[in-house]
Amino acid sequence: MKVIELNASVTESNDRDADQIRKEMKEKGTLLVNLMSSPGSGKTTLLSRVITDLKNRLNIAVMEADIASDVDAVKIENLGATSIQAHTDGMCHMDAGMTKRALDSMGYEGKDLIFLENVGNLICPAEFDTGAGLKIMILSVPEGDDKPLKYPLMFDQSDALVITKMDTLDYFDFNLDKCAERATRINPNIQIFPLSAKTGAGMSVFENYLIDQVGLWKD
Amino acid sequence: MSNRDFEILETKERVIEDNDKVAAEVRSSMKSKGIFFVNLMSSPGAGKTTTLVRTIKALKDEYRIGVMEADVDSDVDAKTVADAGAKVIQLHTGGSCHMDADMTKRGLEGLGLDDLDIVFLENVGNLVCPAEFDVGQNKEVVILSVPEGDDKPLKYPLMFKVADILLVNKFDTRAVFDFSINKLCDSLNFANPALKVIPISAKTGDGFDEWISWLKRQAALAKEADK
């Protein structure tokens, strides 16, 4: 009897497409960042700030992935960055094939840094390689410091953890040290950036990290 | 029939159909026992567990409550909920991003239903996948928390469409965030204009009177239905 492992083959073929994207992006000197988080943790607000602060230094574009709506793409466009809205049509994550189509229809000639703002979800996006050169996840203070315990794969897969809404620490029982300890127990190499995209506190450290990563990618 | 000599299998439709069959079984079994069964869904960190703890405390003298805690991994919530006074079982989805009817059925068997009036399924924290899977519940309760923003129904319409009631949690922090209940209702117009919305704070207890009396009414209806 022949057994077909459907799930394994989906992942394998996705991985092949993802490697192809990564190779192409490397040749063009474009760093593709897969940005992941829960709904409402502040992906778009963080990106808006980064674009405003870095647009004179880096050529930035954003691919907005959503099940429906285009509210985020409109915001990004208003800031003067190239952007495209990708509708996953019910799908809970982006895969490499969808990413490739979004890249091709947006165009990425001359871009230094492209963000893929993934669907708001801490589970499924962690399982799919999109061909990104860097994976960044966001956790916001109101979500709680126990999230690494509940969604370990996301923390395991991410190169950097941005902790947003740090200006609201007083209103929530969020312990930054505990959160950092739980995240680094899963992923000792994860780089952690506590900040507030609203007030701007902590933004420059994160932005310097992005500038360094673009430099490393182009080398 | 077309002249194809092969069969096309719509696997996703098939999955949903199979799921619906098991969900119907769960629903009829819960109905025959007179148990009110709630599927509780939200984003990660919106406050499902905190809301449940306060709800259990408000109901436990009058009702026998069971809770199924569904998580990808970990058991941090199960202990918190057991301490509040509910009968609890922890379900690990093993990586899966939602509960389906079969997992729910097995969870209910593990929990044991003979001595219960109300059962809550605390689904995996996710606004996308759980909305697609009927688990055999009486009512679907969705929590949106203030820090997540008032635009979420535009982005995750299915979750708000399937909801029977929407609890807007962390309402005590609305001054800190740019959250407008009017804007939220505007964005609901697209997905589910008739949706009942109750602003609550699981921390301070605001709004719980309305939420608890809604639950009591539903539990009474479920009890009557088995007669």
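How many of the seven residues of β5(B) are buried? In this predicted model, in which local features need pLDDT of at least 70, side-chain atom pairs count only at pLDDT 80 or more, and totals for chains, interfaces and linings use all residues, the answer is six of the seven, so β5(B) is largely enclosed by the rest of the structure. Residues are numbered from 1 along each chain as its sequence is written, while chains are lettered from A and ligands numbered from 1 in the order in which they are written. A residue is termed buried if 20 or more other C-beta atoms, placed from the backbone, lie within 10 Å of its own, exposed if 12 or fewer do, and partly exposed in between. Helices (H or I, at least four residues) and strands (E, at least two) are DSSP runs numbered from the N terminus.

Strand β5(B) belongs to an open sheet of seven strands in chain B, which has the order β3-β2-β4-β1-β5-β6-β7 and parallel pairing, two strands being paired if DSSP finds at least two bridges between them.

Helix α2(B) lies across β1 (36-42), β2, β4, β5 (139-145) and β6 of chain B and runs at about 170° to β4(B), whereas α8(B) lies across β1, β4, β5, β6 and β7 of chain B and runs at about 140° to β1(B). Axes here are lines fitted to C-alpha atoms, for helices over the stretch in contact, and angles run from 0 to 180 degrees between N-to-C directions.

The two helices also pack on one another: α2 (residues 48-59) and α8 (residues 208-225) of chain B meet at an angle of about 65°, with their axes 11 Å apart. They are therefore roughly perpendicular to each other, given that angles under 35 degrees count as roughly parallel, over 145 as roughly antiparallel, 65 to 115 as roughly perpendicular and the rest as oblique. The crossing of α2(B) and α8(B) is right-handed, the near helix being turned clockwise from the far one by less than a right angle. Arg54(B), Thr55(B), Ala58(B) and Leu59(B) of α2(B) make the contact with Phe208(B), Ile212(B) and Leu215(B) of α8(B), where contact requires C-beta atoms, placed from the backbone, to lie within 7 Å. These residues divide into five nonpolar, one polar and one charged (Ala, Val, Leu, Ile, Met, Phe, Trp, Tyr, Cys and Pro count as nonpolar, Asp, Glu, Lys and Arg as charged, and the others, Gly among them, as polar).

The contact between the chains takes 28 residues from chain B and 28 residues from chain A. On the side of chain B that touches chain A, helix α5 (residues 152-155) of chain B gives the most, with three residues, and the residues of that side divide into 13 nonpolar, eight polar and seven charged.

In chain A, Ile136(A) is found in strand β5 (residues 134-140) and is buried, with 24 other C-beta atoms within 10 Å. Leaving aside neighbours within four places in sequence, Ile136(A) is in contact with Val33(A), Leu35(A), Ser158(A), Asp159(A), Ala160(A) and Val162(A). The C-alpha atoms of Ile136(A) and Ile192(A), which are 56 residues apart along the chain, are separated by 9.9 Å.

Most residues other than glycine have a negative phi. Ser69(A), in the loop between β2 (60-66) and α3 (71-78) of chain A, has a positive phi of about 75° although it is not a glycine, and counts as buried with 20 C-beta neighbours inside 10 Å. Lys170(B), in the loop between β6 (165-169) and α7 (181-191) of chain B, has a positive phi of about 60° and is not a glycine either; Lys170(B) is buried, with 28 other C-beta atoms within 10 Å.

Technical notes
Two residues are in contact if their C-beta atoms, placed from the backbone, lie within 7 Å.
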